[in-house]
Amino acid sequence: MKKKILWITRTAVILALLVTLQVVTKSFGQFVTGSCVNLVLALSVLLAGLPCGLVVAFFSPVLAFLLGIAPQVLTVPAIMAGNCVYVLLLHVLFAKQLWRQALALICAAVAKFLTLYGIVAGLICGILAEHLLKTGLLKAPMLQLLPATFSWPQLVTAMIGGLLAILMLPVLRKAIRG
């Protein structure tokens, strides 16, 4: 019971930090907000474990949409998938050696980017575009904007957030242990 309460508390605190960072950095643009979100995603899994990381990965785009940060409700599942891939690969590949941490970060960031770009550009703005335009679920300007938004900037923000997490991790682990 104590472990479950601790897990719920940690996850709630991390989600509160995520929301705070999303609200505070919203006006600074994709690179700042995205880097902060990826920082929180990485820290959630590396400090609190995979279940916490997956919960944060899942709720991050929902909260971003509710805060007006995610550009389109159609992108929420794509962001969820990309975030979950990022968290999962960091969890599986991360190790004590710095070179393994760097490798984990590179693999996780590239996989997140490919997942997001594949779903958004390939599926939403590619295969489903005509249907989504006809039904009004997607407007023509968004059809042009989404592939650019979910391309290389996703890779950059995942790398920045993960790098910041790696730099902060030793200090935060020490602080948690007391």
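**Pockets, surface patch and salt bridge**

Helix 2 supplies the largest share of the lining of the largest pocket, five residues. The structure is a predicted model, in which local features need pLDDT of at least 70 and side-chain atom pairs count only at pLDDT 80 or more, while totals for chains, interfaces and linings use all residues. Residues are numbered from 1 along each chain as its sequence is written, and side-chain values use heavy atoms, with hydrogens and water left out.

Helices (H or I, at least four residues) are DSSP runs numbered from the N terminus. A pocket is an open set of points, on a 1 Å grid over the protein atoms alone, where a 1.4 Å probe fits, with protein on both sides within 12 Å along at least five of seven lines; lining residues have an atom within 4 Å of a point. Grid points are joined across faces, edges and corners, and a volume is the space filled by probe spheres set on the points.

The largest pocket holds about 400 Å³ of space. Its lining comprises 21 residues, of which Q30, G34, I69, I79 and Q154 lie nearest the centre. Two or more lining residues come from each of helix 2 (30-48), helix 3 (50-66), helix 4 (76-93) and helix 8 (152-177). By class, the lining of the largest pocket has eight nonpolar, 11 polar and two charged residues (Ala, Val, Leu, Ile, Met, Phe, Trp, Tyr, Cys and Pro count as nonpolar, Asp, Glu, Lys and Arg as charged, and the others, Gly among them, as polar).

In the second largest pocket, the space amounts to about 250 Å³. Residues lining this pocket include R10, V40, S44 and L172. Helix 1 (2-25), helix 2 and helix 8 each give two or more residues to the lining of the second largest pocket, and helix 2 again contributes the largest share, five residues. This lining divides into 10 nonpolar residues, one polar and one charged.

On the surface, I160, L163, L164, L167 and M168 form a nonpolar patch with about 430 Å² of accessible area together (Shrake-Rupley method, 1.4 Å probe; patch residues have over 30% relative accessible area and no salt bridge, with nonpolar side chains joined within 5 Å). L167 belongs to helix 8 and is exposed (over 50%), at a relative accessible area of 59%.

One salt bridge (a side-chain nitrogen of Lys or Arg within 4 Å of a carboxyl oxygen of Asp or Glu) is found in the whole structure. K134 pairs with E130, the closest N and O atoms being 3.3 Å apart. Both residues, K134 and E130, are exposed and lie in helix 6 (residues 129-135), four residues apart, about one turn of the helix.

Methods
Patch = residues over 30% accessible without salt bridge, like charges linked within 9 Å, V, L, I, M, F, W, Y side chains within 5 Å. Buried < 20%, exposed > 50% of the residue type's maximum accessible area, 1.4 Å probe, protein only.
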